[in-house]
Amino acid sequence: MGRNLRNPQSGERGGRLRPVDLAREHGLSTQAIRNYEADGILPAADRTPHGHRTYTALHAEALRAFLALVPGHGHQTATSIMRAVNTPAAGAREEAFRLIDESHAQLLDDRRTLRAVESALRDLESLGAGAEPNTEAVPGGTFIGPLADRLGIRPATLRKWEHAGIVRPGRDRQTGYRVYDEDDVRDARLAHQLRRGGYLLEQIAPLIARVRTAGGLEPLEATLSDWHGRLSARGRAMLQGAAELEAYLRERAPE
């Protein structure tokens with residue numbers, strides 16, 4: 001990010017800056033600056049005798065820190081971090097650090113989930129290569145009993161997965177029994193691998209949705225590559241946010 005506000009005229013902590021001075025560096029509106037102050041993202045500004053806001057280099061640092069935190073932590077968490085940092089109450093900075101730790105923990109959990117999905121997909125490919133023909137299938141799919149037997153689970157488990165949105169079987173027109181087509185079998189196998197890896201149904205359901213959206217396992221490779229890229233970008237953004245936040249904390253009076 002630029003540092004054009006750090007100069008002998010305006011870079012001193014007591015130097016006065018207008019809302020437009022802060023806004024111009026980041027292509028923001030002056031109203032956005034006022035909103036950030038009202039939200040506690042920026043420290044409260046002083047006022048001139050005529051009621052105009054005056055900011056300092058400290059406010060410029062706060063704005064840089066917030067905008068750097070957003071890509072890695074999200075707008076809501078970045079706002080909460082800045083509010084905590086700007087709160088003079090004892091322990092407020094510890095709350096900010098806790099929020100940062102939670103974001104890092106979430107990123108780590110997302111990485112573990114991605115690895116679990118990739119591992120499950122490799123297992124599915126291995127299973128598919130050695131799979132025997134399904135002699136108990138009905139036209140267009142297979143019933144719940146045979147599928148449960150193939151996976152080594154109970155039919156009740158498949159019904160539970162259906163309730164969670166993980167599998168979406170159709171119904172046989174004559175009997176009304178559940179019928180699982182090839183996509184349902186794929187999704188059930190993937191869910192089974194992830195459950196064996198310790199993942200909860202509420203974690204598995206959105207992953208299965210990714211498979212469906214991609215149109216199967218093969219197109220999912222591009223989705224996984226994009227997923228890797230986005231996680232890496234979040235990690236780097238968190239580093240940038242940490243650097244800017246540290247710069248801001250150094251400008252503030254020690255606590």
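Tutor: Start with burial. Buried means under 20% relative accessible area, exposed over 50%, and partly exposed in between, with a 1.4 Å probe and protein chains only. Arg 186 has a relative accessible area of 13%, so it is buried. This is a predicted model: local features need pLDDT of at least 70, side-chain atom pairs count only at pLDDT 80 or more, and totals for chains, interfaces and linings use all residues. Residues are numbered from 1 along each chain as its sequence is written, and side-chain values use heavy atoms, with hydrogens and water left out.

Student: How much of the chain is buried?

Tutor: Of the 255 residues in the chain, 42% are buried.

Student: How many helices and strands are there?

Tutor: Helices (H or I, at least four residues) and strands (E, at least two) are DSSP runs, numbered from the N terminus. The chain has ten helices and six strands.

Student: What span does helix α3 reach?

Tutor: The expected span of a helix is 1.5 Å times one less than its number of residues. Helix α3 covers residues 57-73, 17 residues in total. From first C-alpha to last it reaches 24 Å, close to the 24 Å expected at 1.5 Å a residue. Gly 74 follows α3, and its phi is positive, near 90 degrees.

Student: Is α3 largely enclosed or open?

Tutor: Of its 17 residues, 14 are buried, so α3 is largely enclosed by the rest of the structure.

Student: How do I describe two packed helices?

Tutor: Use the angle between their axes and the distance between the axes. Axes are lines fitted to C-alpha atoms, for helices over the stretch in contact, and angles run from 0 to 180 degrees between N-to-C directions. Take α3 and helix α4 (residues 75-86): they pack at about 140 degrees, with axes 7 Å apart. Now handedness. A crossing is left-handed if the near helix is turned anticlockwise from the far one by less than a right angle, and right-handed if clockwise. The crossing of α3 and α4 is right-handed.

Student: Which classes of residue make that contact?

Tutor: Contact means heavy atoms within 4.5 Å. Ala, Val, Leu, Ile, Met, Phe, Trp, Tyr, Cys and Pro count as nonpolar, Asp, Glu, Lys and Arg as charged, and the others, Gly among them, as polar. The contact of α3 with α4 has eight nonpolar, four polar and no charged residues.

Student: How do α1 and α3 cross?

Tutor: The axes of helix α1 (residues 19-26) and α3 come within 10 Å and cross at roughly 35 degrees. This crossing is right-handed. Leu 22, Glu 25 and His 26 of α1 meet residues of α3 including His 59 and Leu 67.

Student: Which residues of α2 are buried?

Tutor: In helix α2 (residues 30-38), they are Ala 32, Ile 33, Tyr 36 and Glu 37. The arc is that of the directions from the helix axis to the C-beta atoms. Here it is only 140 degrees, so these residues lie on the same side of α2. Their cover includes α1, β2 (53-54) and α3.

Student: Where does Arg 186 lie?

Tutor: Arg 186 lies in helix α8 (residues 182-196). α8 packs with helix α9 (residues 201-214) at about 145 degrees, the axes being 10 Å apart. The crossing is right-handed. Arg 186 is among the α8 residues that meet α9.
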